[in-house]
Every structure is written in C-alpha cells, then in structure tokens.
Amino acid sequence: MILQKGDKRRERYLKDGDVLRRMRDVGGKGKGCMAGGITLLVFGVLLGAPCLFIGIKAAAVVGGIFGIPGLLLILLGKSMQAKKMKNYLSYYQEATGFDEQELKRVEQEIMAPDMIMIGNVPDENRQGASEKNPQISCMITEHYFVVPMLMGESYIRRIEDMILATYSQEILGVNGYKHGLVFLSKKDMDAYINAFLTRETCGEVIRALQSKKPDLITAQRFAYGGRQFDVITDGKEIARVFESGKILA
C-alpha cells in the first residue's frame with residue numbers, strides 16, 4: 001500500500017524527523033538483552049511473592065536468583081544499545097559508503113512530500129502488522145532507495161546504482177520455496193531478498209523504482225551481452241558486470 005503525504009500512518013513514521021536514527025534504534029542485541037532481563041525480573045517477582053508466606057528471607061533468595069541476573073542483563077543491554085546509537089552515523093557510512101553530508105541529504109529527501117512510502121501487511125503475519133499499523137517496506141526518494149530491515153539494519157542505495165528489482169516465487173527457504181522481492185545495485189556483493197512482502201507490495205515497489213529508473217531490470221532471468229543471468233543464482237556476478245560496465249569472459 002502506498003502511504004501518501006497526509007496519511008496518518010506515514011506521518012506517524014516520519015514524526016519529528018531523524019528517521020535514520022530511529023531506524024537504527026530498532027531491535028538488536030542490546031534490546032534483546034533488556035527484554036531478557038525484564039523477563040527474569042518478572043519471574044523473580046512472580047516466584048518470589050508466594051515465598052513471602054514462608055518468610056522475607058526465602059522471598060529475597062528466590063527473587064534474587066532471577067532478579068539479579070535480570071538487572072545485570074538490563075544494564076548490559078542499555079550499555080550496548082547506547083553504544084550502538086552513539087555510533088549510528090558510522091554504521092550508515094560503512095553500510096552505504098556515503099559521507100555525513102550525503103546521509104543528511106538522504107534524511108532530507110525522506111522528509112520531502114514527494115517521497116514514496118510503501119507499507120506492507122505480510123501474508124503470514126507474525127509481528128502484529130495490520131492495515132492500521134503496516135510494516136514500512138521501503139521509502140523511495142528522488143535519488144535514494146531506502147529499505148528498513150531487521151535488527152536495526154538498513155539498505156540504502158542511490159537509485160541510479162540500482163540494477164534490478166523483481167518478484168520471485170523461487171526463493172529458497174527452509175521448507176521449499178518462498179516468494180518476495182529480490183533487488184540488487186551495482187554496489188552490492190550479492191542480491192538482497194525480502195520474503196515478507198506480498199506480491200502486491202512487491203509490484204508497488206518495482207513500479208515506483210522503475211518510474212525513477214526506466215532501465216531497471218524487472219525480470220528474474222534476463223539476457224545481457226549475449227549471456228543469460230538469473231538474479232537468484234548470479235547476483236554477485238551481475239553486480240560485478242554492471243559495476244565494471246563490461247561483460248565477463
């Protein structure tokens with residue numbers, strides 16, 4: 001679903017700006033540690049409270065068995081998350097190859113009214129997404145393709161560097177094949193895959209990217225320079241070919 005300017009879902013995501021920072025603040029080991037610590041604290045309270053009938057000492061011992069490790073995990077998680085966020089710009093610089101000035105340009109274009117935001121509600125929804133609260137599958141600005149990913153990771157590429165974006169039903173999975181979006185830029189080591197997107201969402205992303213880059217390849221298999229390529233199996237080689245501008249022997 002395309003979330004137009006003025007859509008409450010879009011405005012909620014863009015609220016107060018600083019989108020790159022908030023994208024980086026999602027998930028990660030630090031938040032995992034904090035969640036584990038909170039769980040241990042809850043267990044400590046639930047198991048320690050009944051022990052009050054035996055005595056305060058017994059309740060303290062039982063509560064401490066869970067509570068002390070829980071507090072330590074929370075403190076460790078907060079420290080890890082603080083370090084992660086302190087270095088969030090460094091993460092983006094390393095992941096994209098952009099300098100700080102260009103990252104500011106990315107942020108500015110994300111906030112522009114003509115930015116295309118595409119939401120998604122997965123077919124197999126395990127994360128509570130809904131029409132009222134969709135996952136943000138991507139943001140397509142004037143010059144950049146921005147994809148929020150799991151654990152605070154992000155995929156950000158210049159649209160001019162994008163080679164292809166295609167829908168595939170042949171993505172290898174644990175119990176057979178999955179379907180989703182496969183995309184690749186000249187700067188990638190291999191093709192990227194998002195198997196959470198519905199077929200409709202994949203189509204919206206592909207069409208929006210193609211409107212910005214008409215020569216975008218949208219087929220899983222294609223011929224180039226007298227050779228046949230399959231994005232699923234040949235992603236690394238495709239990126240090398242298009243980056244060099246030459247056909248490999």
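**A friendly note on the predicted chain**

1. Charges first: the chain carries 34 positive and 29 negative side chains, and the centres of the two sets lie 6 Å apart. Lys and Arg count as positive and Asp and Glu as negative, while His and the chain ends are not counted. Each charge is placed at NZ of Lys, CZ of Arg, CG of Asp or CD of Glu.

2. A word on the ground rules. This is a predicted model, in which local features need pLDDT of at least 70 and side-chain atom pairs count only at pLDDT 80 or more, while totals for chains, interfaces and linings use all residues. Residues are numbered from 1 along each chain as its sequence is written, and side-chain values use heavy atoms, with hydrogens and water left out.

3. On overall form, the chain has a radius of gyration of 23 Å, whereas a compact globule of 249 residues would have one near 18 Å. That radius is taken over C-alpha atoms, and the globule rule is 2.2 Å times the number of residues to the power 0.38. Along the principal axes, the C-alpha atoms fill a box of roughly 80 × 40 × 35 Å.

4. The secondary structure amounts to eight helices and ten strands. These are DSSP runs numbered from the N terminus (helices: H or I, at least four residues; strands: E, at least two).

5. Of the 249 residues, 43% count as buried. Buried means under 20% relative accessible area, exposed over 50%, and partly exposed in between (1.4 Å probe, protein chains only).

6. Helix α6 (residues 100-110) has the buried residues Glu102, Leu103, Val106, Glu107, Glu109 and Ile110. Seen down the axis of α6, these fall within an arc of 165°, so they line one face of the helix; the arc is that of the directions from the helix axis to the C-beta atoms. The face turned away from the buried side of α6 carries the exposed residues Gln101 and Gln108. Cover for the buried residues of α6 includes α1, α2, α5 (88-96), β3 (135-140), β4 (144-148) and β5 (154-158).

7. Have a look at the loop between α1 (8-14) and α2 (19-24), where Asp16 lies. Asp16 is not a glycine, yet has a positive phi of about 65°. Asp18, in the loop between α1 and α2 too, has a positive phi of about 55°. Most residues other than glycine have a negative phi. Asp16 counts as exposed at 72% relative accessibility, while Asp18, at 36%, counts as partly exposed.

Definitions and conventions. Contact means heavy atoms within 4.5 Å.
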